Amino acid sequence: MGDVSERERKILVAVDEGEESLYALSWCLRNVISQNSKDTLILLYARPPRPIYTAMDGTGYLFSADIMATMERHSRDVAAAIVEKAKKLCKDLNNVKVETRVESGDARDVICEMVEKLGADVLVMGCHGYGPIKRALIGSVSNHCAKIVKCPILIVKKPKDSAA
């Protein structure tokens with residue numbers, strides 16, 4: 001029983017541009033990661049897939065390679081900024097390995113696939129708290145993952161800002 005803390009856990013944290021995911025990450029750092037463990041923390045960002053454009057849009061305008069390259073570069077820059085922000089939160093961890101992954105695709109699919117592929121022991125994600133209409137339209141990523149992944153999943157809700 002005594003060697004439970006010695007086991008190397010892979011903790012996958014899904015990050016995105018929302019405050020909710022960064023809150024979930026900082027909650028995880030305070031409550032899930034043990035400082036002197038052999039845990040590996042994997043920060044995963046699912047980059048939205050590049051929209052498929054036909055050669056011409058409705059006005060007969062041809063999307064140039066330059067515009068496509070600019071959009072791709074912007075998407076990569078956004079991904080880098082999000083991962084960087086998440087890594088900053090982890091800077092004080094001592095013996096915990098921090099890895100980052102950026103994968104392209106629908107967040108629901110990417111997160112579930114990476115949990116499986118990396119053999120994560122636990123998945124941590126934020127809860128956006130979308131209203132019923134938005135949730136019905138785009139679906140809840142955390143709900144989807146909770147049904148699919150085989151490891152425990154921790155969905156961290158950001159408290160409503162109180163007038164402190």
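Where does Ser140 sit? Have a look at the first close-up of this predicted model to find out.

View 1. Ser140 turns up in the loop between helix 4 (132-138) and helix 5 (141-148). Is Ser140 buried or exposed? With a relative accessibility of 16%, Ser140 counts as buried, because the cut-off for buried is under 20%.

**View 2. Helix 2 and what covers it.** Helix 2 is made of 25 residues. From its first C-alpha to its last, helix 2 reaches 37 Å, which is close to the 36 Å expected at 1.5 Å a residue. Which residues of helix 2 are buried? They are Glu72, Ser75, Ala79, Ile82, Val83 and Ala86. Strand 1 (10-15), helix 1 (19-31), strand 2 and strand 3 (97-104) are included in what covers these buried residues.

**View 3. Arg47 reaches Glu72.** Here the side chains of Arg47 and Glu72 come together in a salt bridge, with 2.9 Å from N to O. This pair links distant parts of the chain: Arg47 belongs to strand 2 (residues 40-47), Glu72 belongs to helix 2 (residues 65-89), and the two are 25 residues apart. For Glu72, the relative accessible area is 17%.

View 4. Why do Arg76 and Glu72 sit about one helical turn apart? Because they are four residues apart in helix 2. As a rule, an α-helix has 3.6 residues a turn, so residues three or four places apart point the same way. Arg76 counts as partly exposed, at 46% relative accessibility, whereas Glu72 is buried.

View 5. As for Arg47, Glu72 and Arg76, salt bridges that share partners join them into one network. How many salt bridges does the count come to? The count comes to seven salt bridges, including the ones shown in these views.

Key. Residues are numbered from 1 along each chain as its sequence is written. This is a predicted model: local features need pLDDT of at least 70, side-chain atom pairs count only at pLDDT 80 or more; totals for chains, interfaces and linings use all residues. Side-chain values use heavy atoms; hydrogens and water are left out. A salt bridge is a side-chain nitrogen of Lys or Arg within 4 Å of a carboxyl oxygen of Asp or Glu. Buried means under 20% relative accessible area, exposed over 50%, partly exposed in between (1.4 Å probe, protein chains only). The expected span of a helix is 1.5 Å times one less than its number of residues. Contact means heavy atoms within 4.5 Å.
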